[in-house]
Amino acid sequence: MQDVPQNQLVDEAQLALLPEAPPEPTEKPQAQDKPPIRFKAIRRDQLVLRPMDVERLLEADHLARAIWDLVGQCDLRPFHHDFKAVEGKAGRPPHAPHLLISLWLYSYAQGIAFGREIEERCKYDPAYLWLTGAEKVCAHSLNDFRTDYGEPLKHLFIQVLAVMEQEGLVDLQQVTQDGTKIGA
């Protein structure tokens, strides 16, 4: 049998060489006059292309939309001073502070405080897919942003948290932080 790379299209000649789906397990007939039961096969060895309407991933009143709108109303100029990417110059543009702040705020509201976990959720979670526009955001970018803008983020998060609590988007009944340091 011939292995076909997942990122290549398969022509009809190669398709004939691909392994067949494993035979379906059948149950023994319960009576001699009934044929064996047959189930639909599950094929996990295939590529699937599905269109995605990112805007329809979340309902209109979802928390991620509220956070996005709230962050969009904030003054984000303190987060723009260190970026080197400018129009007309080579280099890949960074993620907008609006996106990174929204990702961190939504993640904190979900009890997630790790860049790697946010990166993973950006691959499958509808709220994260909506926030990012189904684009990849790596943990390194998230963590660097949080480290580089620690003090401005702290002040912004306090303001946003106060507004979210007033609007009933979050409940501040119990807010704790465990700062215990334990040796590995």
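Predicted model: local features only at pLDDT ≥ 70, side-chain atom pairs only at ≥ 80, totals over all residues.
Reader: What makes up the contact between H2 and H7, by residue and by class?

Author: Leu-63, Ile-67 and Leu-70 of H2 meet Val-160, Val-163 and Met-164 of H7. Divided by class, this contact has 6 nonpolar residues, with no polar and no charged ones.

Reader: Which residues of H2 are buried, and which helices do they pack against?

Author: The buried residues of H2 are Leu-63, Ala-64, Arg-65, Ile-67, Leu-70 and Val-71. They pack against H3, H5 and H7.

Reader: Why is Arg-65 counted as buried?

Author: Arg-65, a residue of helix H2, has a relative accessible area of 13%. Buried means under 20%, so Arg-65 falls in that class. Its contacts, leaving aside residues up to four places away in sequence, are Glu-55, Leu-58, Glu-59, Ala-60 and Trp-130. The C-alpha atom of Arg-65 is also separated by 7.9 Å from that of Leu-131, although the two residues are 66 residues apart along the chain.

Reader: How do you know whether Ser-102 is buried or exposed?

Author: The relative accessible area of Ser-102 is 0%. With the limit for burial set at under 20%, Ser-102 is therefore buried. Ser-102 is found in helix H3 and touches Ile-67, Trp-68, Val-71 and Leu-131, not counting residues up to four places away in sequence.

Reader: Why are H3 and H6 described as roughly perpendicular?

Author: The axes of H3 and H6 come within 10 Å and cross at roughly 95°. The range from 65 to 115 degrees counts as roughly perpendicular, and the pair is therefore placed in that class. In this contact, Pro-97, Leu-100, Ile-101, Leu-103, Trp-104 and Tyr-108 of H3 meet Leu-142, Asn-143, Phe-145 and Arg-146 of H6. These residues divide into 8 nonpolar, 1 polar and 1 charged.

Reader: Why are H4 and H6 called oblique to each other?

Author: H4 and H6 pack at an angle of about 135°, with their axes 8 Å apart. Roughly perpendicular ends at 115 degrees and roughly antiparallel needs an angle over 145; H4 and H6 are therefore oblique. H4 passes H6 in a right-handed crossing. Gly-115, Arg-116, Ile-118 and Glu-119 of H4 meet Ala-139, Leu-142 and Asn-143 of H6. By class, the contact has 3 nonpolar, 2 polar and 2 charged residues.

Reader: What does Ile-118 of H4 touch, and which residues have the most contacts inside the largest nonpolar core?

Author: Not counting residues up to four places away in sequence, Ile-118 touches Leu-103, Trp-104, Ser-107, Ile-112, Tyr-128 and Leu-142. The largest nonpolar core has 32 residues, and those with the most contacts inside it are Phe-79, Ile-101, Leu-103, Tyr-106 and Ile-118. At least two residues of this core come from each of H2, H3 (97-109), H4 (115-124), H5 (126-132), H6 (139-148) and H7. H3 gives the most to this core, with 7 residues.

Reader: How many helices and strands does the chain have, and what share of its residues is buried?

Author: The chain has 7 helices and 0 strands, which read along the sequence as α-α-α-α-α-α-α. Buried residues make up 24% of its 184 residues. Among contacts in the chain with a separation of 6 or more, 58% join residues 24 or more positions apart.

Note on methods: Residues numbered from 1 in each chain as written. Heavy atoms only, no water. Contact = heavy atoms within 4.5 Å. Helix = DSSP H or I, 4+ residues; strand = E, 2+ residues; numbered from the N terminus. Nonpolar A, V, L, I, M, F, W, Y, C, P; charged D, E, K, R; others polar. Core = buried A, V, L, I, M, F, W, Y, C linked by side-chain atoms within 4.5 Å. Buried < 20%, exposed > 50% of the residue type's maximum accessible area, 1.4 Å probe, protein only. Axes fitted to C-alpha atoms, helices over the stretch in contact; angles between N-to-C directions. Parallel < 35°, antiparallel > 145°, perpendicular 65-115°, else oblique. Left-handed = near helix turned anticlockwise from the far one by under 90°.
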